[in-house]
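Reader: I am new to reading protein structures, and I would like to go through one slowly. Could we take it by question and answer?

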Amino acid sequence: MRNALLIVLGLVIGVMGTVFALNALHEHQPLSHTVMTMMDHHAGALRQAVKSRQCDAAQTQLHLTRLLQTQADLKEAFPGVDQPFLDEAAKLKDKTQAALQAAPADCAALATALKPIAETCQSCHQQYR
Ligand code: HEC
């Protein structure tokens, strides 16, 4: 009788553990999409500015700052990733910081600053997306 109870208890705990683990897996999904969508929004606004030849320096700084800030949630959005993923994320941060420091004042400068950022988005996507 006691053994049967222990087996039932073990099963219940096992099922609960699986449910929690599955919830945790699903919970990180929305954040990973949200972080990427936000980065895409700010990078897209900058790309659009270059395309339409309207590169306001203050707007550029704002979008680059938001792009950089959003990256602070990358690690949290992708729990348990490997070191090369984190290296790509660090590279993106470096490139975004460099772009901010360059303070692009016109479209030519903005296009130059965006190139290494776009390349880093691409290289991580090729490996992990
Ligand atoms: C460190 C790796 C990495 C970097 C750097 C990175 N991404 Fe991503 N991106 C991913 C992964 C992984 C996915 C798939 C996410 C998922 O399915 O949950 C993704 C998905 C996306 C998506 C699709 C979102 C969705 O809802 O599925 C967009 C848009 C995106 N990334 C934009 C960007 C932009 C713009 C940049 C650069 C500013 C960037 N990413 C840089 C790893 C990265």
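Author: Let us begin with a definition: Ala, Val, Leu, Ile, Met, Phe, Trp, Tyr, Cys and Pro count as nonpolar, Asp, Glu, Lys and Arg as charged, and the others, Gly among them, as polar. Please keep in mind that this is a predicted model.

Reader: How do the residues of the shell around the ligand divide into nonpolar, polar and charged?

Author: The ligand is surrounded by 19 residues, and the closest are Ser32, His33, Met36, Cys121 and Cys124. Helix H1 (2-51), helix H4 (83-102) and helix H5 (107-128) are the elements that each give two or more residues to this shell. Sorted by the definition above, the shell has three charged residues, six polar and 10 nonpolar.

Reader: Which helix supplies the largest share of the shell around the ligand?

Author: The protein has five helices and zero strands, and along the sequence they follow the pattern α-α-α-α-α. The largest share of the shell, eight residues, comes from H1.

Reader: Which element gives the most to the largest nonpolar core?

Author: This core has 13 residues, and among those with the most contacts inside it are Ala43, Leu46, Val50 and Leu114. At least two of its residues come from each of H1, helix H2 (57-71), H4 and H5. The element that gives the most, with five residues, is H1.

Reader: What share of the 129 residues in the protein is buried?

Author: A residue counts as buried if 20 or more other C-beta atoms lie within 10 Å of its own. Buried residues make up, of the 129 in the protein, 16%.

Note on methods:
Residues numbered from 1 in each chain as written. Predicted model: local features only at pLDDT ≥ 70, side-chain atom pairs only at ≥ 80, totals over all residues. Helix = DSSP H or I, 4+ residues; strand = E, 2+ residues; numbered from the N terminus. Buried ≥ 20, exposed ≤ 12 C-beta atoms within 10 Å, placed from the backbone. Near = placed C-beta within 6 Å. Core = buried A, V, L, I, M, F, W, Y, C linked by C-beta atoms within 7 Å.
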